[in-house]
Amino acid sequence: FMMVLEDSEDPLGTFDLMLECIHGVNSAIGGELKDQHRSALSLQTAEHYRQRIMDFNRRRLATGV
């Protein structure tokens, strides 16, 4: 699973929906959820991603893009 921030009207909502879907698939078939460095995705890492998305949104709103 992946997402492109620029392609979403609501990147934070898209990220949260993506995580929800991933957890559902993971529950159904098993497996491990990994981050971009192939380490286990922790709550702290997910929260860091959310912060990066919020920073991206602020920059996008400030530039009007």
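A pocket here is an open set of grid points with protein on both sides within 12 Å along at least five of seven lines. The model is predicted. Its largest pocket has a volume of about 520 Å³. The largest nonpolar core has 8 residues.

**Largest pocket**
- The lining counts 20 residues, and the closest to the pocket centre are Phe 1, Met 2, Phe 15, Met 18 and Tyr 49.
- Two elements, α1 (11–29) and α2 (43–63), each give two or more residues to the lining.
- The largest share comes from α1, with 6 residues.
- By class, the lining holds 14 nonpolar, 2 polar and 4 charged residues.

**Nonpolar core**
- Members of the largest core are Phe 15, Met 18, Leu 19, Ile 22, Leu 33, Ala 46, Tyr 49 and Ile 53.
- Again α1 and α2 are the elements that give two or more residues.
- The most come from α1, which supplies 4 residues.

**Phe 15**
- Leaving out residues up to four places away in sequence, Phe 15 touches Met 3, Ala 46, Tyr 49, Arg 50 and Ile 53.

**Arg 38**
- Arg 38 sits in the loop between α1 and α2.
- Its phi is near 65°, a positive value in a residue other than glycine.
- Most residues other than glycine have a negative phi.
- Arg 38 counts as exposed because its relative accessibility is 73%, and exposed means over 50%.

Technical notes. Residues are numbered from 1 along each chain as its sequence is written. This is a predicted model: local features need pLDDT of at least 70, side-chain atom pairs count only at pLDDT 80 or more; totals for chains, interfaces and linings use all residues. Side-chain values use heavy atoms; hydrogens and water are left out. On a 1 Å grid over the protein atoms alone, a cavity is a set of points where a 1.4 Å probe fits but cannot get out, and a pocket is an open set with protein on both sides within 12 Å along at least five of seven lines; lining residues have an atom within 4 Å of a point. Grid points are joined across faces, edges and corners, and a volume is the space filled by probe spheres set on the points. Ala, Val, Leu, Ile, Met, Phe, Trp, Tyr, Cys and Pro count as nonpolar, Asp, Glu, Lys and Arg as charged, and the others, Gly among them, as polar. Buried means under 20% relative accessible area, exposed over 50%, partly exposed in between (1.4 Å probe, protein chains only). A nonpolar core is a set of buried Ala, Val, Leu, Ile, Met, Phe, Trp, Tyr and Cys residues joined through side-chain atoms within 4.5 Å. Contact means heavy atoms within 4.5 Å.
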